[in-house]
Amino acid sequence: MTTLFSIIESPNHPRFDALYERLGISQAKLASQRKALQALKSMTPDWIVAEFFYGFGNNYAGANVSNLDVLLAAVRKQAPSARTIVLVGKEQAPYIPRLAELFRIHAVLTLPVTEADLEAVLRDTQTS
């Protein structure tokens with residue numbers, strides 16, 4: 001069975017439980033990056049869906065680009081075949097290329113994301 005980590009750190013993160021169920025995807029809902037890192041120790045996800053938050057005025061602007069850096073570094077080592085779908089607000093979309101320079105990102109979807117948007121990404125790779 002396909003496993004997906006849904007890292008829900010804000011109210012903007014869309015809930016697509018019915019879509020995942022319809023596609024036969026087992027969803028692990030995780031409330032923080034820390035919980036996702038913990039889950040990586042015992043599970044290997046096929047997919048990761050997480051929101052991007054650029055680090056304005058903090059350590060992110062120097063050593064890290066965003067909230068996803070530590071997670072994506074861990075995924076690279078512990079689940080290298082996992083595909084990451086990044087959700088981003090329009091105002092932060094210009095910073096995604098900086099993250100993409102450092103980490104492999106399968107798809108970027110701009111919020112608000114519809115079920116059809118996400119389904120197209122998930123189905124595109126199921127057939128390829």
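These are my entries, in the order I made them.

**Entry 1: the sheet**

I worked from a predicted model. I began with the sheet. What is the order of its strands? I read β2-β1-β3-β4-β5. The sheet is open, has five strands, and pairs them in parallel. β2 (25–30) and β5 (107–110) take the edges. Each has a single partner strand, so one side of each has no neighbour in the sheet. Neighbouring strands are turned against each other by 20° on average, direction ignored.

Next I checked how β1 is held to β2. How many bridges join strand β1 to β2? I found six. β1 covers residues 2–7 and runs parallel to β2. For one point along this pairing I noted Thr3, which stands opposite Ser26 in β2.

**Entry 2: helix α2 on the sheet**

I moved on to α2, which spans residues 33–40. It lies across β1 and β2. Its direction is at about 155° to β1.

Which residues of α2 are buried? I listed Gln33, Ala36, Ala39 and Leu40. I then checked how they sit around the axis. They cover an arc of only 120°, which puts them on the same side of α2. Arg34 and Gln38 are on the other side, and they are exposed. I also looked up what covers the buried residues. The cover includes β1, β2 and α3 (69–78).

**Entry 3: Gln33**

I picked out Gln33 because it is a buried residue, at 10% relative accessible area, where buried means under 20%. Gln33 belongs to helix α2. What does its side chain meet in a polar contact? I found the side chain of Glu9, at 2.8 Å. I then listed the contacts of Gln33, leaving aside neighbours within four places in sequence. They are Ile7, Glu9, Asn67, Leu68 and Leu71.

**Entry 4: salt bridges**

I counted the salt bridges. There are four.

I took the pair Lys29 and Asp17. Their closest N and O atoms are 2.7 Å apart. Lys29 is in strand β2 and Asp17 in helix α1 (residues 17–22), so the pair ties together parts 12 residues apart in sequence.

I then took Glu119 and Arg22. The closest N and O atoms of this salt bridge are 2.9 Å apart. The pair links distant parts of the chain. Glu119 is in helix α5 (residues 115–126), and Arg22 is in helix α1, 97 residues apart. Glu119 counts as buried, at 17%. Arg22 counts as partly exposed, at 47%.

Glu119 has another salt bridge, with Arg123, at 2.7 Å from N to O. Both residues lie in helix α5. They are four residues apart, about one turn of the helix. Arg123 is partly exposed, with a relative accessible area of 39%.

Which residues are linked in a network of salt bridges? I wrote down Arg22, Glu115, Glu119 and Arg123.

**Entry 5: Leu19**

What does Leu19 touch, not counting residues up to four places away in sequence? I found Glu115, Leu118, Glu119 and Leu122. Among them, Glu115 and Glu119 also belong to the salt-bridge network.

Leu19 and Pro94 are 75 residues apart in sequence. In space they are 29 Å apart, C-alpha to C-alpha.

Key:
Residues numbered from 1 in each chain as written. Predicted model: local features only at pLDDT ≥ 70, side-chain atom pairs only at ≥ 80, totals over all residues. Heavy atoms only, no water. Helix = DSSP H or I, 4+ residues; strand = E, 2+ residues; numbered from the N terminus. Buried < 20%, exposed > 50% of the residue type's maximum accessible area, 1.4 Å probe, protein only. Polar contact = N/O pair within 3.5 Å; in protein donor to acceptor, adjacent residues only side chain to side chain. Contact = heavy atoms within 4.5 Å. Pairing = 2+ DSSP bridges. Axes fitted to C-alpha atoms, helices over the stretch in contact; angles between N-to-C directions. Arc of directions from axis to C-beta. Salt bridge = Lys/Arg side-chain N within 4 Å of Asp/Glu carboxyl O.
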